[in-house]
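Student: Please take me closely through one part of this model, the packing inside it. Keep it brisk.

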Amino acid sequence: MSQPESPSRVRQSRHARGAAPTLHDVAREAGVSLATASRVLNGSERKVAESFRERVEQAAAELGYTANVSAQATARGTSPVIALLVADIADPYFGLIAAGVARGADEQGLVVTIAITERDPAREARIVRALRGQRPQGLILAASRTKEPTDSDSDTARELAEYARFGGRVVTFGAGSAENRHVEIDNRAGAEELGRRMAALGYRSAIAIAAAEGVLTSDERLAGFRAGFESGGGAIDRVLRGDFRRESGVQAMTAALAEGVVPGTLVFGMSDVVAIGAMSAIRDAGREIGADIAVCGFDDVPSSSDVTPALTTVRVPLSEVGYQAFRATVDADWEQAALPLEVTVRASTPGIPR
């Protein structure tokens, strides 16, 4: 009669085949039931004797076993994951926010999964629906919302409501619903102070490069800048519409230059990325940035101080924004801390002599 294989023989056999160790392998190696091994490694709240826990953890370490996230979600009701939805991962604005979320997740031993919406409401709804099946502990929507919800926005809202109904926590940026937490950046106040500072430097005529009307972040920044600039005697002569990408800044500024831009004009990009795109178009047209056409932006991403001339902007503590969004997903009594914005004047707006 043949004898059963020893755990070590089983381990050697599986490794020889290149197969990943399973929970059954761990249970066999530790000499416990499959249910006990699952309770230890998948985070069940049911208590397991310490001696059994030690044996299971040692066996898992020796085998190189990694717990299955789906199994953990079944055992706990949630997975050890925070889901972050961004519009464009190539945009440093979202990269800095993601860094803050990741810092918080690391403190709690959680993992961040990032999905890209491309500012497409239908795509966003599909992503949220897919994420619901993974049962993340928290879901952070970092992209700017719109004033007038579309049918796809309503689809997203329904998916989020279903996710929250089973214990998930939703965090949005800007104004949120009563059911969800939200992190607010005072875009209007920051842009208003920027407008005042630009008027104080002597600028009186401005071109604004904004996102589509109804995108809240862009609308708030445009309204704030207009109020501050006009209070100092300035006026926005043209508002050009696009999105938050660098290419949008290039295209809008190219069109403005074709129509004619007089020396001494100030260009306000709704984000640093847009403003840097506008600077590229100005340079390509043979015009000078600063003394000829001044440029300012918003966010203070790292490249803003690296371009030549360095870009005047409003500093937003984006990494801290992301960290606070993470805390909002895990802290029962969370309250938003202050997020001070600061105008930083650089060489791209040298001012007009009086």
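Tutor: Start with Phe225. Beyond its neighbours within four places in sequence, Phe225 is in contact (heavy atoms within 4.5 Å) with Ala191, Glu192, Leu194, Gly195, Met198, Ala206, Ile236, Leu266, Phe268 and Cys296. This is a predicted model, where local features need pLDDT of at least 70 and side-chain atom pairs count only at pLDDT 80 or more, while totals for chains, interfaces and linings use all residues. Residues are numbered from 1 along each chain as its sequence is written, and side-chain values use heavy atoms, with hydrogens and water left out.

Phe225, Phe173 and Leu266 have the most contacts inside the largest nonpolar core, which has 50 residues. Such a core is a set of buried Ala, Val, Leu, Ile, Met, Phe, Trp, Tyr and Cys residues joined through side-chain atoms within 4.5 Å. Buried means under 20% relative accessible area, exposed over 50%, partly exposed in between (1.4 Å probe, protein chains only). Helix 6 (residues 92-108) gives the most to this core: six residues. Helices (H or I, at least four residues) are DSSP runs, numbered from the N terminus. Another core lies apart from this one, with 20 residues, including Ile209, Met253, Val295 and Leu311.

Ser218 sits in helix 10 (residues 216-231). Ser218 has 0% relative accessibility, so it counts as buried. Leaving out residues up to four places away in sequence, Ser218 touches Ala210, Ala211, Arg241, Phe244 and Met270.

Now the helix pairs. Helix 2 (residues 23-30) packs on helix 4 at about 120 degrees, with the axes 8 Å apart. Axes are lines fitted to C-alpha atoms over the stretch in contact, and angles run from 0 to 180 degrees between N-to-C directions. Helix 2 is therefore oblique to helix 4; angles under 35 degrees count as roughly parallel, over 145 as roughly antiparallel, 65 to 115 as roughly perpendicular and the rest as oblique. Helix 2 contributes Asp25, Val26, Glu29 and Ala30 to the contact; helix 4 contributes Arg55, Val56, Ala59, Ala60, Glu62 and Leu63.

Helix 3 (residues 34-41) also meets helix 4 (residues 50-63): their axes come within 10 Å and cross at roughly 80 degrees. Helix 3 and helix 4 are therefore roughly perpendicular. Thr36, Ala37, Val40 and Leu41 of helix 3 make this contact with Phe52, Arg53, Val56, Glu57 and Ala60 of helix 4.

Definitions and conventions. Helices (H or I, at least four residues) and strands (E, at least two) are DSSP runs, numbered from the N terminus.
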